[in-house]
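Thank you for making time this morning. Please have the sequence and the structure open beside you, and I will walk through a few places, taking each one slowly.

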Amino acid sequence: MDVFDAVGMRKSTRGFKPDQIPVSVLKDILETALWTPSWGNTQPWEIYVAGGKTADQIRTGLAAKLLGDEPKCPDLKMPETWPEEHTRRYMNVAKDLFGAMGVARDDADQRQAHYVNMFQGFGAPVFIYVGIHQDLGHYSIMDCGALLQTICLLAQSRGVSSCILAALCRYPEVVRAFLPIPEDHRIVMAVALGYEAAEAPANRFRSSREPADKGIRWSID
Ligand SMILES: Cc1cc2nc3c(=O)[nH]c(=O)nc-3n(C[C@H](O)[C@H](O)[C@H](O)COP(=O)(O)O)c2cc1C
């Protein structure tokens with residue numbers, strides 16, 4: 001698959017079939033993703049693959065914490081406030097996603113069901129967690145972001161759908177219980193991988209982008 005096609009076709013998939021991804025396909029994706037650039041070729045990432053029983057234990061643990069209304073304490077703190085323009089965008093994405101799913105604004109039960117599903121990785125058979133040593137900073141986090149997008153694009157080119165999911169990282173103690181993540185490492189982010197369940201209502205949704213001339217300033221003369 002041409003890389004332009006992979007970028008155009010990738011989207012956050014929010015409903016997966018239970019079908020397993022062959023280990024050979026996962027290896028192909030992850031080993032190729034190691035060619036992601038990083039500052040000074042530091043390759044700061046640690047990659048943890050959770051599938052089978054491990055993924056199920058993580059999803060069960062995360063959902064239990066969410067349903068128990070336990071405080072979320074991700075290793076990588078989520079900003080509490082965003083600039084107005086960004087707030088508008090993330091609120092729009094939620095509104096449009098629930099709209100595409102046919103979930104009304106005041107339907108608290110359906111919304112909660114969606115969030116529980118999200119904390120379960122939308123049924124994906126595999127979660128890839130990316131961590132770094134706690135002493136590393138912004139540059140290494142940026143490198144992890146590049147790695148995650150490389151994983152998503154390579155997955156796409158193998159017919160594997162993806163969703164980068166902060167939700168999978170919001171109760172790190174659950175993740176640590178099932179993956180060999182050292183205490184002095186931070187969980188940066190996770191991506192769910194699997195085969196798209198085309199009939200899942202959430203997969204009707206496709207996000208939008210600001211017009212190109214809003215974000216790209218050309219100074220080339
Ligand atoms: C760092 C990061 C964390 C994300 N966490 C979540 C999440 O917890 N739940 C979710 O439904 N989507 C999550 N997403 C997906 C974004 O909502 C999605 O990328 C964005 O709306 C653009 O849509 P697209 O990926 O379909 O192009 C996350 C994406 C990124 C990059």
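Let me begin with a term: the helices in this talk are DSSP runs of type H or I with at least four residues, and they are numbered from the N terminus. What we are looking at is a predicted model, so please keep that in mind throughout.

With that term in hand, please find helix α3, which runs over residues 52-67 and has 16 residues. From its first C-alpha to its last it reaches 23 Å, which is close to the 22 Å expected at 1.5 Å a residue. After α3 comes D69, whose phi is positive, near 55°.

Which residues of α3 are buried? They are A55, I58, R59 and L62, and they lie on the same side of α3, because they cover an arc of only 95° around the axis. There is a general point behind this pattern: an α-helix has 3.6 residues a turn, so residues three or four places apart point the same way. The face of α3 turned away from the buried side carries the exposed residues K53 and L67. As for what covers the buried residues of α3, the cover includes β1 (46-51), α5 (108-119), β2 (126-133) and α7 (172-178).

Now please turn to α2, which spans 23-33, and where L26, I29 and A33 are buried. Seen down the axis of α2, these buried residues fall within an arc of 70°, so they line one face of the helix. On the other side of α2 we find V23, S24, K27 and E31, which are exposed. The cover over the buried residues of α2 includes β1, β2 and α6.

N41 is exposed, with 7 other C-beta atoms within 10 Å, whereas Q43 is partly exposed, with 15 other C-beta atoms within 10 Å.

Let us move to the interior. In soluble globular proteins, nonpolar side chains tend to be buried together. Here the largest nonpolar core has 45 residues, and the members that touch the most other members are F127, I151, V191 and A192. At least two residues of this core come from each of α2, α3, α5, β2, α6 (138-157), α7 and β4 (185-194), and the largest share, eight residues, is supplied by α6. If you select F127 and leave aside residues up to four places away in sequence, you will find that F127 touches A50, A55, I58, G121, L168, A190 and A192.

Another residue to look at is L76, in the loop between α3 and α4 (84-101). L76 counts as partly exposed, with 16 C-beta neighbours inside 10 Å. L76 and I141 are 65 residues apart in sequence, but 9.5 Å apart in space, C-alpha to C-alpha. Not counting residues up to four places away in sequence, L76 touches R186 and V188.

Finally, which residues surround the ligand? They are K11, S12, R14, V93, M118, C163, I164, L165, A166, A167, M189 and S207. Sorted by class, this shell has eight nonpolar, two polar and two charged residues.

Note on methods:
Residues numbered from 1 in each chain as written. Predicted model: local features only at pLDDT ≥ 70, side-chain atom pairs only at ≥ 80, totals over all residues. Near = placed C-beta within 6 Å. Nonpolar A, V, L, I, M, F, W, Y, C, P; charged D, E, K, R; others polar. Expected span 1.5 Å × (residues − 1). Buried ≥ 20, exposed ≤ 12 C-beta atoms within 10 Å, placed from the backbone. Arc of directions from axis to C-beta. Contact = placed C-beta atoms within 7 Å. Core = buried A, V, L, I, M, F, W, Y, C linked by C-beta atoms within 7 Å.
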